[in-house]
Amino acid sequence: MADKHVDPKEVPQLNTNNKLGRVLDIFHSTGEIFDGGQTFLAWFHLDIYASQCQQNLYYPFASLGDWEIANFLLTSRLSMRAIDKFLSLCLTNSLPLSFSTAKELCSHAEMLPSGPHWNARVVPTTHPMKSPITLYYHDSLDCVESLFNHPLFMQLMDYSPFCLFTTAEHIVRVFMEWMSSDGAWDLQLKFPKGSTLCSIILSSDKTHITNMCGRKVSHPLLISLTNIQMDIRNKGSSHAFLLLALMPIPTFTHPAT
């Protein structure tokens, strides 16, 4: 029975009514909770600088103002040279900042709990290349864990497949999220009791990295989860898509003819 489509009425489920008067049939016995995991905010309490953070909320920065300037510079598109020039201004030097150069600013930021770490791998080729092919990537499981640990998505994720109907007679069905599809429901039937579906979204597009230095281009590969509700996931300000990898576009060396 698990290999064919099963009608939602044949599976134990929880029936609820949402604010629009619709009937929501949720797949029962999914999303079992296990102890032992760490949330993103818990990482701050387990960090090696946790004791300093208890004395200074903005550590490794000196104060709120110090953090605000650091946050502005780190999130801006200024180069290291431009940041150094800004920090060398007389007015900036009069401020009680905990950093005086762009290098010191970056070292402060690296002391904070980070997300997935970058990895690099040189891809071997059998043909001559103008430059080595280097693949920069994050571990995919680290990215998935980071998205699940995001505190802003805690109440905005679906952990169980569901069927949404306009009335209690189950005549007109509404499809909105991936979890409301037949595919999610049928896939959940194939997993053991207590399992949670985690569906991955991958997207990519060609992007120029440099135009003046060799015209390097790559395909950024982004990753997200269909568990995150669509209206939140599609907002750029939600940062629901993480950069998984930079897939290089190789340039081969051809002999002159």
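**Figure 1. Asp-182 and its salt-bridge partner.** Let's start with Asp-182, which is partly exposed, its relative accessible area being 30%. This is a predicted model, so every view here shows computed coordinates. The side chain of Asp-182 meets that of Arg-173 in a salt bridge, with 2.7 Å from N to O. Arg-173 is likewise partly exposed, at a relative accessible area of 21%. Side chains of opposite charge can pair when their charged atoms come close. How many salt bridges does the structure hold? The count is 1.

**Figure 2. Ala-184 inside helix H8.** Here we look at Ala-184, which sits in helix H8, spanning residues 182–189. Is Ala-184 buried or exposed? Its relative accessible area is 0%, so Ala-184 counts as buried. Setting aside residues up to four places away in sequence, Ala-184 touches Pro-161, Trp-178, Met-179 and Leu-197. Ser-160 is 24 residues from Ala-184 along the chain, and the C-alpha atoms of these two residues are 8.7 Å apart.

Figure 3. The structure contains 4 aromatic pairs. In one of them, the ring centres of Phe-27 and Trp-185 are 5.0 Å apart and the ring planes meet at 65 degrees, which makes the pair edge-to-face. Phe-27 belongs to strand S2 (residues 23–27) and Trp-185 to helix H8, so this pair ties together parts of the chain that are 158 residues apart in sequence. Both Phe-27 and Trp-185 are buried.

Figure 4. How are the rings of Phe-148 and Tyr-159 arranged? Their centres lie 6.5 Å apart and their planes are at 25 degrees, so this pair is stacked. Phe-148 is in helix H7 (residues 140–149), while Tyr-159, 11 residues away, is in the loop between H7 and strand S5 (162–165). Phe-148 is partly exposed, with a relative accessible area of 27%. Tyr-159 is partly exposed too, at 32%.

**Figure 5. Helix H7 and what covers it.** The buried residues of H7 are Cys-143, Val-144, Ser-146, Leu-147 and Asn-149. At the start of H7, a side-chain oxygen of Asp-139 comes within 2.9 Å of the backbone nitrogen of Leu-141. Now turn to Asn-149, also in helix H7. With the cut-off for buried set at under 20%, Asn-149 qualifies because its relative accessibility is 15%. Leaving out neighbours within four places in sequence, Asn-149 contacts Gln-38, Thr-39, Phe-40 and Trp-43.

Figure 6. Helix H3 runs over residues 64–75, and its 12 residues should span 16 Å at 1.5 Å a residue; the end C-alpha atoms are 16 Å apart, in agreement. Asp-66, Ala-70 and Leu-73 are buried in H3. Seen down the helix axis, the buried residues of H3 fall within an arc of 65 degrees, so they line one face. Which exposed residues are carried on the face turned away from the buried side? Phe-72 and Thr-75 are found there. The cover over the buried residues of H3 includes helix H4 (80–87) and helix H6 (102–109).

**Figure 7. Backbone details in three loops.** Most residues other than glycine have a negative phi, and most peptide bonds are trans. Tyr-59 and Pro-60 are joined by a cis peptide bond, with omega at about 10 degrees. Pro-60 lies in the loop between helix H2 (50–55) and H3. His-170 has a positive phi, near 55 degrees, in a residue that is not glycine. His-170 is in the loop between S5 and strand S6 (173–174), and is partly exposed with a relative accessible area of 22%. His-239 is not a glycine either, yet its phi is positive at about 55 degrees. Look for His-239 in the loop between helix H9 (230–233) and S10. At 56% relative accessibility, His-239 counts as exposed.

**Figure 8. The chain as a whole.** Of its 257 residues, 27% are buried. Among contacts with a separation of 6 or more, 55% come from residues 24 or more positions apart.

Conventions. Residues are numbered from 1 along each chain as its sequence is written. This is a predicted model: local features need pLDDT of at least 70, side-chain atom pairs count only at pLDDT 80 or more; totals for chains, interfaces and linings use all residues. Side-chain values use heavy atoms; hydrogens and water are left out. Helices (H or I, at least four residues) and strands (E, at least two) are DSSP runs, numbered from the N terminus. Buried means under 20% relative accessible area, exposed over 50%, partly exposed in between (1.4 Å probe, protein chains only). Contact means heavy atoms within 4.5 Å. Rings of Phe, Tyr and Trp (its six-membered ring) pair if their centres lie within 6.5 Å; planes under 30 degrees apart count as stacked, over 60 as edge-to-face and the rest as tilted. The expected span of a helix is 1.5 Å times one less than its number of residues. The arc is that of the directions from the helix axis to the C-beta atoms. A salt bridge is a side-chain nitrogen of Lys or Arg within 4 Å of a carboxyl oxygen of Asp or Glu. A polar contact is a pair of N or O atoms within 3.5 Å; within protein, one must be able to donate a hydrogen and the other to accept it, and residues adjacent in sequence count only if both atoms are side-chain atoms.
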